[in-house]
Every structure is written in structure tokens, then in C-alpha cells.
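This report describes parts of one structure for a reader who has not seen it before. The sequence and the model come first, followed by the notes.

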Amino acid sequence: MTRGAADENAWRGVIAALANPDTRRVLGLLLAEQDASEHLASLPQNRRDRILRTLADARVIERNADEPRLRVERFAELLAAAPVERPTGIDRFFVDGRLEHYPARSDDRDAVLLSVADRTMPDPDERIDERTLTERLATLTDDPVSMRRYLVDAGLLDREPDGSAYRRAARSAS
């Protein structure tokens, strides 16, 4: 494992320390800028040693005898090491597969509408009624009626003149 990968997973030691109620209590006292020595002194030596070792291994404290010192900078270190993956392309408009916000830029709108059309009507020969289309769109957006209109206006879906059915618009080869 590379150093970078180890740094990216360093938060796991802190979370593991927080999973233990004794360790969490000591860390809570330190975070609240309170003296943890009285609480530590009330514990058996082996438990006290385990708590201090766990917090030191997570690099959240520095040990000076039995008086731990909180390393507040550790949290900034963990945040700096955490990879931040931001969605790109049309994925930045979707959260958990649903359209979170409609794009302002026309190129983005076109790409999002094409994606929505592909997701709701992947079969170019399929013909569906308005209710079915609206139900499918409702799985992707909070406003399926407007989305249906956007898809028709963009020329991605054709609507029967009487509104009874929709199908994917025929595409011309460019």
C-alpha cells in the first residue's frame, strides 16, 4: 500500500476510536477542553493504557505521561488527505440517479435531456402512453410533466397529435 492510500484511510483509526465508548468519552473531554485525567484515573490501568494507545495510534493525541494533549490539527490533516471526488459531465446534475437541478447552459441541458430520454425510453421502437412515460420520468425528476414537455420540445420524443402516446424521435444521421 502506498503512503497516499494509507493517508486516505487514516480517518478509519479515528472512527475506530470513536466506536469505543471509553475512548469516545476521553476524546470528548479533550475536545471540550476539559481535563480527562480524573476520568482516566478512575479506570483500570490496562483499560487506560488501551484508550491512550488507541488515541495515540490514531494520532489524535500526544502522550505526556498519563496526561494526553489533543492534536486538533489532526482533523485538518485528515480532511486534507481525504480524496474529494466531484462528479463531472452530466453526472454533476444527478444525485442518486435523480436529476437534482436542471442545467442552465444549453449544452448541459441537451446532454441531460438526451440522458433522460435514454433512461426512460431506451428502446427506439417502443411506444408508450402518457401515464407510463410520466411514471418513468418521476423516477428521475420531481417534475415529470415539465420534463416530458422538455423532451418533446427538444425533439427527443415525438407525441401523437391526440396525446395518446410517445415514442423516441427518429434521428437523422449527420
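## Helix 5 and its surroundings

The buried residues of helix 5 pack against helix 2, helix 3 (21–31), helix 4 (37–41), strand 1 (61–64) and strand 2 (67–70). Contact here means heavy atoms within 4.5 Å, and buried means under 20% relative accessible area, with exposed over 50% and partly exposed in between (1.4 Å probe, protein chains only). Helices (H or I, at least four residues) and strands (E, at least two) are DSSP runs, numbered from the N terminus.

This is a predicted model, in which local features need pLDDT of at least 70 and side-chain atom pairs count only at pLDDT 80 or more, while totals for chains, interfaces and linings use all residues. Residues are numbered from 1 along each chain as its sequence is written, and side-chain values use heavy atoms, with hydrogens and water left out.

The buried residues in helix 5 are Arg48, Ile51, Leu52 and Leu55. They cover an arc of only 90° around the axis, so they lie on the same side of helix 5; the arc is that of the directions from the helix axis to the C-beta atoms. In an α-helix there are 3.6 residues a turn, so residues three or four places apart point the same way. Asn46 and Asp57, on the other side of helix 5, are exposed.

The 13 residues of helix 5 (residues 45–57) should span 18 Å at 1.5 Å a residue, and the end C-alpha atoms are 18 Å apart, which agrees. The expected span is 1.5 Å times one less than the number of residues.

## Positive phi values

Most residues other than glycine have a negative phi. Just after helix 5, Arg59 has a positive phi of about 60°. Glu33, in the loop between helix 3 and helix 4, has a phi near 60° and is exposed, with a relative accessible area of 75%.

Asp96 is not a glycine either, yet its phi is positive, at about 55°. Asp96 sits in the loop between strand 3 (94–95) and strand 4 (98–99) and is exposed at 78% relative accessible area.

## A buried arginine in a loop

Arg71 belongs to the loop between strand 2 and helix 6 (73–81). With 11% relative accessibility, Arg71 counts as buried. Neighbours within four places in sequence aside, Arg71 is in contact with Arg59, Val60, Ile61, Glu62 and Glu77.
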